[in-house]
Structure formats: C-alpha cells, structure tokens
Amino acid sequence: MWWIGATFIALLIAVPLAVVVVTLFEAPSDVWREVVGYGVLGTYVKGTLIMLLGTGLLASVFGIGAAWAVTVWEFPGRRFFSLALMFPMAIPTYVEAYAYDFAKYELRDPLMLWIRERFGAEAMSDANGIFNYVLAIFVMALVLYPYIYIAARIGFAEISGAYIENSRLLGRSLWRSLFSVGLPLARPAIIGGLLLVLLEVMNEYGAMLHYGIETLTIGIFNQWYDWKDTDSAIRLAGVAMLVVFAIIVAEMVLRGRSRFHAHHGARRNLAEKPKTAFGTSMAFGFCASLLFFAFLLPLWQLLKLARYGIEKVQVGELLQPVFGSLSMAVLAGLVILIAALFLAYAARIFPGLAMQLLSKMCMLGYALPGAVVVIAMLSSVAAISGLMADDALTTILFTATPIGLVMAYAVRFMTPALAPLEAGMAGIHRSMDEASRILGRSSWGSFFRIHLPLLRLPLLGALIVLFVDILKELPLTLVLSPPNVETLATQTFGLMHKEERLAEGSLPALILVLSGCAGVIILHRLIRRPLRA
Amino acid sequence: MCGSDYLTSPDPPATEGVSNHMSESLEIEGISKCFPRTDRPALDGVSIVLGDADIMALVGESGSGKTTLLRIIAGLEQPDTGTVAIGGELVCADGYSVPPEQRHIGFVFQDYALFPHLNVRKNLLYGLHRISQRTKREERVAEIVTLAGLDGLEKRFPHELSGGQQQRVALARALAPRPSFILLDEPFSNLDPMRKDALRDELRRIVKSSATSALIVTHDTRDALAVADTLAVLKEGKLQQVGSPERVYFHSTSEYTASLFGKVNRIPCQLLEGKDAPHGAPDILVRPADLEITQEGSGGGHIVGKVIASNFRGDFHEVTLECADIAAGSGDTTCVTIYVGADRKPALGDTVTVRRSRREGD
C-alpha cells in the first residue's frame, strides 16, 4: 500500500524525465544540426553561464555581507533589518525586472546616446548588450540574495556562537576569531544557499525574456513556440539538465565532508559584538542601501505605476486573476502537501535504501528549470497520446482541467514540501512510534494521532512556502494552465511584458509582492517559535 | 580448599533462579540475534523466565545485548532464532511474530517517549482505546494517577514536568492498560543523581502495588541490586547468571559477574599437601565487605599486610593492603582491599591482619 503510493508519485516525476533522456539518444533533426552549427546553442550556453556566474557572485556579496552586518555588528535598527532583508524574496524576479524598467529610460538611453556620439554605433550596440547583462545580473541578485543571506545567518549566528567564544578563550582576538572560525564554519551553509540561487537563475524565464538575454530556458521556449521544433527543445532541455547536474556536483565537491553539525550547547548567539564607529556605520549603510535597491525602490516604482493603473482597471478585472491564483495555489498546494506527507511517512515506516531513493527522486524536480519540466511533461503526454492514437489525454490534462498544471507543480515543488516534513519527522524520536505501537495503535492510527499533530508547524511552513512559490511561478503556469484560467503571474507577465501596459500590470504585481511579504513574515514567526507543544 | 577455614573458592556454577513453572508472565527460550555486518551475535541463546509479580533486572555493560533483548520481547525487533511466550501464549517463534500493538505489554522507554503534544491525562488515555466506555477509561486514569502519585499533574504537558515526574507518567502510561508485564529500558539513566535513590524506590513501590511483573534493563548494578527480586547478568549476548541479588552478589559464578557488581579481591591460593588440582592452585575472589580486621594474629586463613592507601568513602574507609607472599613460596605481592569503619581508620604503614568474616548461611 505505502510502496505503491510512493512509487506512483516517483513515477510521475521519473517518466517525463525518462522521455527527455530517451529522446536525447535518438537521431537529431535537421533543425538541431542548425541550432548547433549556427552557434545558437553556444549563445544559449554562454548567456546561461554569464548569468550564473554574475548572479552567483553578486548575490553572494549581498547575502554574506548582509548576514555578516546583522550578526556581527550592532547598529540602530539591526533587528528590523534582520527581518526586512528577507523581504526581497517576496518579489518575483520578473516583477523586479519590470519595476526596474525605469533604469532603461533614465539610465541606459542617455548613456547609449553618449557612447554613440563618442565611439560610434557599433560600440553602442556592444555596450547595450553589456548593459542588459549588468542590469539583469543586478536585478536577479537583488531578489535572490536572501537565499544566501538566510543560510549565512544560520551559519554565523547559530552554529558559530560557542566556537567563537572558545576561540577567544584560546587567546585569539574577537576579530581573528570571526574570520578564522566564523566564516569557515558558515561556508557549507552559504554554499547551500548559493546552490538555490543558481537553480533559480537556471529556472528564470520572465526576467531573461525582458532583458533579451538568451539562456537555455529561453532557448527551450524559442524552439518549442517559435520554431515548433520539439526535438531541439528536448535536446536543449538535456543540455540544461547537464548544467544543473554540474552545479549540484560542484556544490557537493565544494561542501566536501564539511557538513558541520553543531553540538546542542553550541546553538548560541554571539554575546559580544565589536563596536567601532566606522564599522557600525558601514554595516548600517550596507543594509540600508541593499534594502533600498532590492525592495523599497521597486516597491515605490510599482506604487507609482499603480496610481495610474487603478484608474484604468476595474475591480472585476483584478478579481478574476486573484481567484485563479488562489484556487490554483490551494488546489496544488494541498495535493502536493498530501503527497509529501505520504512520502515522508512511508520513508519512516520503511527506512530502507529503496524508499530513500524514491524520496530523493521526488526531490529531483526542484533542481530542474520550469522549462525542462514543461517540455518533459508535454512530450511524454504527446508520446502516450501517440501510442493511444487519441488526443483525449491532452484535453483532459491541459485544456479542460488544470490537472496537468497541478502535476507539473508537484514535479517542481515537491522539495519545498517534502524537505521540512522530513526534517520534522526526523525531529520526532523513533521511540514515539514504538510507544504508540506498544500502546496498541496501528501505523495509520499512530500517523493521525502522533505524527500529524506533531508536524503541525512544518506543515504550516511547507504550506506557506508552496503557496508563495505557486503564486509567483511563471513558465509552467504560462504554458500549462487551461485557456480560461488567468493567474496573477500570467496577467502580470501579459500586461507588463507582452502588452507593455506597465500601469495596469503593476496591480497584480503588487498583490503578488504583498502576499509574498505576508508569507515571509509568517515564516519568520514560525521559525522563531519553539517547536514544543 | 587452600589451607584455610575461611577463604573459599567461589561456588560451583549452579542452575538457580526461577524454577516455578506455574505462573510465568514471560518465558523466552534460546533467543539469538545477529545484526548484519557484525561478527559477534548481539544475543546468543538467551533463555529467561519471569515469574508473576516478579521484578527482574537485566544487567550488563553497554553492548551486552540487553536492550536488544528487551526490544525483541516487545516485538520491535525480530530474533534470528528462539521463542517468546507471554502469559503462556507464544508470540514469537520461527518466522511467526505478533505485532507489538497486539502483545499487550507495557514499555517504559529510556527517554520516556511521552507524546509532547498531549497532556498527562491524554498520554495516560492513549493506550486505553480498547476500553469502549468513556467513564471506564476515566476511572482507570483516575486509578493510575493515584497509584503513580500524579494527582494535580493531569493537565500538565510533558515539558512542564520534572525528570522524576516524567518517569512516573511513562510508568503510569505503560501500566494503565493492565499489561501482562512491563519492560523498562534504562529507567534510571535520565534522573537527577541526587534524587535517584528515592525515585528508584518509588518506582519499585508503584510496580509492586500494581502487581505487575517487570523486566528492567540497566547498566547500573547499584540500581539493579536495590530494585530487583531477581538479577540476570548478560555479557556479550550470553546469560552469565540468574538469581537473587544477594546470591549473585556474594556467590558470583564468574569473575566477570563478581567484578561487575563491585570491587573484588583476587587472592592466590596454595594447594594443601596431598591434594591435586588439574590447573594448579586457583585464585579465589573475595569481596572487601567479606574481610575484617582481626586482632588474633596470624594463622590459617589470615592475611597480613601493610596499609599503603586509604580513601574516605563516607560511611567507611577503603583501605588497600600490600600483602607479601600469601601463597607461601610464590614470592608475589598482592594488593587486598578492605572496608574499615569510619572510626577505625588505620594509619599508613601500619601492619594489619585480616580474615574472612562469617556470614549467615555459609
């Protein structure tokens, strides 16, 4: 019973991927030869690598710098900043990109005119391309640095407190201790955060499209939509999977054996902080300007746009995407949560290697860019339809109902649901299960009476993360939602990117940002609450 | 015998322990268990009989297999061979195993495993779902609350209780469904050492007044001696000795058991003229408490030694003597430990004579 269920969920993820892999080994089409031959593939790979490198570096500087500032320094508003610096996470990357649209007109255009006058049209064209890359990297890093910030803060503040005290007792100065003990200890956590940033860069569609940067994700959609060339799209997806694989391997190598575990007593905050006027003002200045550029400025831009937008839009027009987003988030969120609960409990009662592999398999989808998931799902459904010589499946999954979209969300977002539940399960001592069994309850009875109530907090946390993730998800929703369903994400994209009606588009964008902020605040509260009854 | 009236070699191994086959709560026979990727079996042919309303302590060092045995009895692990019978009914025999929820036993976990989201009353109610009537369930909870001295704590959550209170709740929860017997895994290891003795006596009182038999696993021999009616000693998966605490303590059948329960002196012997032993003269083992200072001077069975160390232990002094040439002609010196009353502490360098004290039943 448990086995069949878990295997089914894993198959849902494995089959589409298998279809992609199988296609890779078939003879390539002529278009693919051209994609490779004319250097198109090279362009996609180059764009992807530049974005990965640039965003990874800049987000690390932002994230580690901010974490360092709020843990090591004491300055006015430190407690406020330590929460507020997570808010940029609530802004979808494409919304941040649209909000930074003003930079195109107020910064880029005068600069390009000046370059053309000074160095000629060719130089301007080059400079324009570089400018787009720089702006895209800046915008992406502003939204994605919180992943590194959160990881680094946990690394600095919670793990290192006791070690730093120890280092000082061994005769090192506070500063030496922070650099020689604090930073290295936080490294594995920081690399874990960086991994998430890089995966998000691989996944990004809206912002890349907006800045005209040709990444593999963009390439997959180009081949699929503009060239109607499934074969090349799948092959590009294969290349994207290779890059993701390389990133994960790099993370594993970089972490090496250094997965530090804090001793119980070591989870202590830094008691004493260095105080110099220069350092304090630097820390304050860094946090304040980061928050300004990442959150306040784009929010201000959106609000300015919304002032005009609100006059042009009727409330009814807004309610429809709100309803669409809410119903998709609730529906998919619950389906994914129940599946994740099932997997987590199955892994607990059958703690063997096979079940571990199954659950790792279900987590795989999170590493895959949305575009790859889209291609994998559509092509495997097409393959099944081809076998059955009937289009009914496509209709049922993607046109008549949102089942296909929910499945795609499940493939992509099983990890944010499963990971906190597995951690929560690990926190429930095995003797609880045994005590419940000895007191005469079956495994189902134990699940409902012991595990489910004890998992309350991780469940709530997973639900909020899922909700926010699904709300702002763009590529899957864009392609796989039934024709009559409009969500906040698709409407924002449609109005702000396709139709360039920034004022109207700012309204759904603002709703997305605000609900994201609410999610961040609730999560923050949740994490700080003690996990006892 | 080695030329002495008093110093005797250990008793020959005797099959002692529980011989009453009328009312066993638990009978296990020839249990063996080998975990994968280990060269030594965790349990090797262990057989134990637990009588009705009897408290048995299973003693052994960590790694001796005692917890594994407990988990096999509870049905949380399966043995490779052997049988387990509860109340005369077979619950585990080659390939056949009754799941833990149907064995009707109580289990007190080392960490107590109190459900953190349920208060004391609900923890106690948890195992009573087979009682269909609500009032009956509440009655039983009230009964067990009184028995375990938990009055006034019913609304508290586990993290709001002291270690001793948590233990009593765990014990009460195990006893509430009136199990055939209860198993306790290291119940004393999480207790405040200052209050441990009192809590241990309380535990014995509760178990005794519930008239349930109990099997207690512990590595602390002091606890085992104080709490149990019967001791079973386990070493490297093999049962060494079963018997009453006094018997196991003073008449250990092996040097391992003897030294497990406290300090023991190994004293060389010499054969009497005309006697023969296959492996030469044996050493004998004598507890410090079995030796006393005598004024009678030397003679048969008396040992003379010089005081080389003396440690104050509260109620007594632990005095170490250096004795030359006990087994005449061997030329070895032997260290002998004796306990001396706090008021009669000998000075370092004194020469004293000791002999084995007489005990009833010798």
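# Exercises on a predicted two-chain model

Ala340(A) touches Met414(A), Ala417(A), Leu418(A), Leu421(A) and Ala462(A), leaving aside residues up to four places away in sequence; two residues are in contact if their C-beta atoms, placed from the backbone, lie within 7 Å. This is a predicted model, in which local features need pLDDT of at least 70, side-chain atom pairs count only at pLDDT 80 or more, and totals for chains, interfaces and linings use all residues. Residues are numbered from 1 along each chain as its sequence is written, while chains are lettered from A and ligands numbered from 1 in the order in which they are written.

**Exercise 1. Identify the residues of the largest nonpolar core that touch the most other members, and the element with the largest share.**

Step 1. A nonpolar core is a set of buried Ala, Val, Leu, Ile, Met, Phe, Trp, Tyr and Cys residues joined through C-beta atoms within 7 Å. A residue is buried if 20 or more other C-beta atoms lie within 10 Å of its own, exposed if 12 or fewer, and partly exposed in between, with C-beta atoms placed from the backbone.

Step 2. The largest core has 250 residues, and Ile148(A), Ile220(A), Ala237(A), Ala340(A) and Ile375(A) touch the most other members.

Step 3. Helix H7 (residues 121-169) of chain A provides the largest share of this core, 18 residues. Helices (H or I, at least four residues) and strands (E, at least two) are DSSP runs, numbered from the N terminus.

**Exercise 2. Describe the side of domain 1 of chain A that touches domain 2 of chain A.**

Step 1. Chain A is divided into domain 1 (1-31 + 313-533) and domain 2 (39-310); the bounds come from an automatic or database domain assignment. Their C-alpha centres lie 24 Å apart.

Step 2. In this interface, 39 residues of domain 1 of chain A are in contact with 43 residues of domain 2 of chain A.

Step 3. On the domain 1 side, two or more residues each come from helix H1 (2-24), helix H15 (370-388), helix H22 (488-498) and helix H23 (502-528) of chain A. H23(A) gives the most, with 15 residues.

Step 4. By class, this side has 26 nonpolar, 11 polar and 2 charged residues. Ala, Val, Leu, Ile, Met, Phe, Trp, Tyr, Cys and Pro count as nonpolar, Asp, Glu, Lys and Arg as charged, and the others, Gly among them, as polar.

**Exercise 3. Determine the strand order of the open sheet in chain B and explain why its edge strands have a side without a neighbour.**

Step 1. The 6 strands follow the order E7-E8-E9-E3-E10-E11 (chain B), with mixed pairing; two strands pair if DSSP finds at least two bridges between them.

Step 2. Strand E7 (106-108) and strand E11 (238-243) of chain B stand at the edges with a single partner strand each, so one side of each has no neighbour in the sheet.

Step 3. Strand E10 (residues 230-235) of chain B pairs with E11(B) in the antiparallel sense over 5 bridges. Within E11(B), Val242(B) is the bridge partner of Ala232(B).

**Exercise 4. Trace the pairing of E4(B) with its partner E5(B) and characterise the turn.**

Step 1. E4(B) pairs with strand E5 (residues 89-93) of chain B in the antiparallel sense over 3 bridges. In E5(B), Leu90(B) is the bridge partner of Ala85(B).

Step 2. The two strands E4(B) and E5(B) form a hairpin with 2 residues between them, and Gly87(B) in the turn has a positive phi of about 55°.

Step 3. Strand E1 (residues 24-33) of chain B is also joined to strand E4 (residues 81-86) of chain B, by 5 bridges in an antiparallel arrangement. Here Leu26(B) stands opposite Ile86(B) in E4(B).
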